[in-house]
Amino acid sequence: MRTFIRKWPAAYRLRVAQLRVQRGFRNQFVRFALVRREEAFPYPVKKHQSLLRRKLGASDPVLQDNKVVNLGIAVSKVNGVIIEPGETFSFWRLIGKPTGKAGYLDGLLLSHGEVKSGVGGGLCQLANLFYWMTLHTPLTVVERHHHSFDPFPDDRRVLPFGSGASVFYNYIDLRFHNPTPHRFHFRVWLTDQHLKGEVTCDSDLPAAYHLEERNHRFHRKPEGNFRENEIWRKVIDKRIGALIREELLIRNYAEVKYALPDEQVEQSEQEAAVKELQPMDAACGEE
């Protein structure tokens, strides 16, 4: 893909335009969640927050400041959205196209195996937040994309590797559907240091959802370093605390774009080998 873009940039732009038109046509047949309100529902489901500024390799810190501006604009478009029964949440349907005219600045973008800068960069952090909170609800994720590489070393990471969502206007979207009889409210906001979110429901849900990472490891191949893991979800009966079911949600495998010390790779591979010898339950950790 990178070679294609370099050799035929006009053809690539034409293909993007075609995909956007196709997505716009298909959107006519989807019942989207569009209504927003400030007041939350009475039953809390999930809260989460993520740091606005982290050390991301050698990237320009100005791009992170710009990201905060971009997030502020996008948050104003999605805060308070209500997902009614039968409706579908679409990240881009609510936010619209991020342009300089709309106030968006250059921020970090991850595209085709490379770290770049571009207008509206950094909005993936908001998509990540929505995706992570949604996984703790009975809502059904119907579209989610992920980055094909790991660009930066972990720096104060609080969520498992590979638990985010990649978005690119408008055909690479984050969407989830409400198949339940319940109404859900998503509230998102910024503080000086964090992007925060909360999901509430109009009813007390019978189940709780807990996510955990399993089988994480780094390993080295002749063509480079790689990282893999699995993200599992446990569905718990809130009344009696019993496990209803557990399910594999995500299996990640990505090229690592930063240098890894030999001892980190060796330690990871040794830990993975030990876990393979243990019963499955022994490899599980709590969120």
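What follows is a short chat about a few labels in this predicted model.

Biologist: Why is H146 called partly exposed?
Modeller: Its relative accessibility is 43%. Buried needs under 20% and exposed over 50%, so with 43% H146 lands in between and counts as partly exposed.

Biologist: And where does H146 lie?
Modeller: H146 is in the loop between strand 6 (140–143) and strand 7 (149–150).

Biologist: What makes strand 1 and strand 10 a pair?
Modeller: Pairing takes at least two bridges. Strand 1 and strand 10 (residues 194–201) are joined by 8 bridges, so they count as a pair, and they run antiparallel.

Biologist: What is the strand order of the open sheet?
Modeller: The 4 strands go 1-10-9-2, and the pairing is antiparallel. Strand 1 (43–51) and strand 2 (81–83) are the edge strands, each pairing on one side only. On average, neighbouring strands here are turned by 15 degrees against each other, ignoring direction.

Biologist: How do you know that helix 3 packs on the sheet?
Modeller: Contact means heavy atoms within 4.5 Å. Helix 3 (residues 61–78) touches strand 1, strand 2, strand 9 (184–190) and strand 10, and its direction makes about 150 degrees with that of strand 9.

Biologist: Which strands does helix 5 lie across?
Modeller: Helix 5 (residues 124–134) lies across strand 1, strand 2, strand 9 and strand 10, at about 30 degrees to strand 10.

Note on methods: Residues numbered from 1 in each chain as written. Predicted model: local features only at pLDDT ≥ 70, side-chain atom pairs only at ≥ 80, totals over all residues. Heavy atoms only, no water. Helix = DSSP H or I, 4+ residues; strand = E, 2+ residues; numbered from the N terminus. Buried < 20%, exposed > 50% of the residue type's maximum accessible area, 1.4 Å probe, protein only. Axes fitted to C-alpha atoms, helices over the stretch in contact; angles between N-to-C directions.
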